[in-house]
Amino acid sequence: MSMEIILIVVFVAATLLGYKLINAVPSLLHTPLMSGMNALSGITLLGIIAVTALSDSVAGKLAGLVGIIAATINVVAGFGVTDRMLRMFRGEQQHKENGQ
Amino acid sequence: MSDTLYYIFSVLLSLGVLYGIRLMSKVKTAALGNRVSALCMLAAAAITLMRTDLSGSLPYIITGLAGGSLVSLLMTARAKMIQMPQIVGLLNGLGGLASLLAALLTVSSGAARSAFELTTSALALAVGTLTFSGSLVAAGKLHGQLPQKPLVYPGHSALTVFAALVMVALITLLPLSAHGNSLLLSLLLILAGLIFGWLFAIRVGGADMPITISLLNSTSGVAAAIAGMALGDILLVAVGGIVGASGLLLTQIMCRSMNRSLGSVIFGGSVHPAASPAATASLVRNPLSQASESGAAAQDEPIRPEGQHCETLCEDSASGGTAATPVPADAPAWLEKAQSVIIVPGYGMAISQAQEKVKLLLDTLQAAGKQVRFAIHPVAGRMPGHMNVLLAEVDIPYDLLCEMEDINRDFPSTDLAIVIGANDVINPAANTAQGTPIYGMPILNVSQAKRVIICNYDKKPGYAGVDNPLYEGGQHVLLLLGDAKDSLDVLLSNK
């Protein structure tokens, strides 16, 4: 199997699996789900690191620098705000335990 | 690191991310799930740094990673929950920017040579760019820097289609052209993508925002996946695909909850002039029939025309038999008498920042031994699940937040429904006013509650522009107009 085919198969498989799993997330959690997924889309960080390492012009490296900053913010801030949000969700049980 | 080893790592990390998502389907494990995903990403970045020859660009890469992390820490600490929609929009745009730059560098450095690599680079360039400009416009609108209302230019739809066609033409041309021309073609493609993203997002307003944000979330994942194809990076393809699927799924859910087609959101044709609900009401279904059809409620309720429906309810509920129209001063007494209460929050609550007051109301009612729940419409607010986050922030237990399908059947047996800044999602005209934008949209059936208190800013129609028959009042509907915080003070006044 050529590399192209493998990549397309992986894409389709990941899409289908993701679709199935995400369908199980209740609408209560849709905002954190979305910001978590948003953070994951920063996976493009891997790509921009690879091409920045390859580029041999200063312009290319500067473009890479901008891309790396953007992708890093996407990933780190994305997971950060998601974590903050999820820690706010507390049930009645937890409220009682905390004496509220 | 050998390619085989990298494939194995890629599969493991993709499975890790999927496991993280699985954990997110339960509130109790969701925070852990998010951390599992984050850890997988960290591992992925570390592996990439190890297997790449960084020699020439090390300072740039280190600076980028350090600078980005620093900004992120500040952003995370300062983020307010009310700003979540625009933060997600902004972050999404940054992801698009990174994908677009990755694709641009792949083309310009000559790393992409085969037709497959060039085609996927061009696609990543296009999708990344439109994600970038569309997300920034959406974030600007949500943050109030751009007009919140839909902006429609002359010939807007034609321009949008034209920009899309130019993009398709350039994507086709890029792999066919000589390497010398590819940079120029890439820059033209970026220009077309920027214009398309702008045109697409600038015409979206208000209640269509959740759909737009979900869609752009999906495209940012797709852009990453396609960039991964161009680079032959299997991990990028897998994770990008997962994100693309999640965005698409949320977009579908939002479209369904709003009775909109995706095409009409992207290419316009959104808000039609609203027909008067009163004029069409007699022709069509009444508010109860839809609930019965969906099997949600009221199988034993006789089907009644709308006007009668209101009167009957009033007779049922007007204890004491006073015929006077309720006035705001009655509100605390209504609250006093109600044993079961459903609170319906909408975007107005967010604008007024009334969540703290809502929590106070909840505490007061619960202290008096009343049953209180919240009914959350799937598109209330400016992004999917927005209301839940705002209510969780003020410590309202998530067990009390009910989804529309689960709570709609309980309205007829509820003493009092309190609407706080919601309009279209409770408008009974959605069941009756054929030809209006909201016709057929599933709504929260607050009009079936024995009594309704509506705390809205004014009686203007909501985003969809359809008059709400509930505002005409009747003995079981009480309007508290003005800022939601003040209205809640009225409700709480004699407690």
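This is a predicted model: local features need pLDDT of at least 70, side-chain atom pairs count only at pLDDT 80 or more; totals for chains, interfaces and linings use all residues.
Started with the contacts of B:Asn456. Leaving aside neighbours within four places in sequence, I find B:Asn456 in contact with B:Val419, B:Ile420, B:Gly421, B:Ala422, B:Asn423, B:Tyr471, B:Leu480, B:Leu481 and B:Gly482.

Next I looked up where B:Asn456 sits. I find B:Asn456 in the loop between S5 and strand S6 (477-479) of chain B. Is B:Asn456 buried or exposed? The relative accessible area is 4%, and the cut-off for buried is under 20%, so B:Asn456 counts as buried. I also checked what the side chain of B:Asn456 does: it reaches the backbone oxygen of B:Ala422 at 3.0 Å.

Two residues on that contact list, B:Val419 and B:Ile420, took me to strand S4 of chain B, which covers residues 416-420. Five of the five residues of S4(B) are buried, so I have this strand down as largely enclosed by the rest of the structure.

Then I asked which strands pair with S4(B). Strand S1 of chain B (residues 340-345) runs parallel to S4(B) and is joined to it by five bridges. Strand S5 of chain B (residues 451-455) also pairs with S4(B) in the parallel sense, over five bridges.

For contrast, I went to the surface. I picked B:Leu12, in helix H1 (residues 3-23) of chain B. B:Leu12 has 52% relative accessibility and the cut-off for exposed is over 50%, so I log B:Leu12 as exposed. B:Leu12 belongs to a nonpolar surface patch with B:Leu5, B:Ile8 and B:Phe9. Together I get about 350 Å² of accessible area for the patch.

Chain B has 20 helices and six strands. Of its 495 residues, 58% are buried. For contacts with a separation of 6 or more, 78% are between residues 24 or more positions apart. The accessible surface of chain B comes to about 19,100 Å², and carbon and sulfur atoms account for 63% of that.

Terms used
Residues are numbered from 1 along each chain as its sequence is written. Chains are lettered from A and ligands numbered from 1 in the order in which they are written. Side-chain values use heavy atoms; hydrogens and water are left out. Helices (H or I, at least four residues) and strands (E, at least two) are DSSP runs, numbered from the N terminus. Buried means under 20% relative accessible area, exposed over 50%, partly exposed in between (1.4 Å probe, protein chains only). Contact means heavy atoms within 4.5 Å. Accessible areas come from the Shrake-Rupley method with a 1.4 Å probe; for residues, only the protein chains shown count as cover. Two strands pair if DSSP finds at least two bridges between them. A polar contact is a pair of N or O atoms within 3.5 Å; within protein, one must be able to donate a hydrogen and the other to accept it, and residues adjacent in sequence count only if both atoms are side-chain atoms. Patches are made of residues with over 30% relative accessible area and no salt bridge: like charges are joined within 9 Å, nonpolar side chains (Val, Leu, Ile, Met, Phe, Trp, Tyr) within 5 Å. A salt bridge is a side-chain nitrogen of Lys or Arg within 4 Å of a carboxyl oxygen of Asp or Glu.
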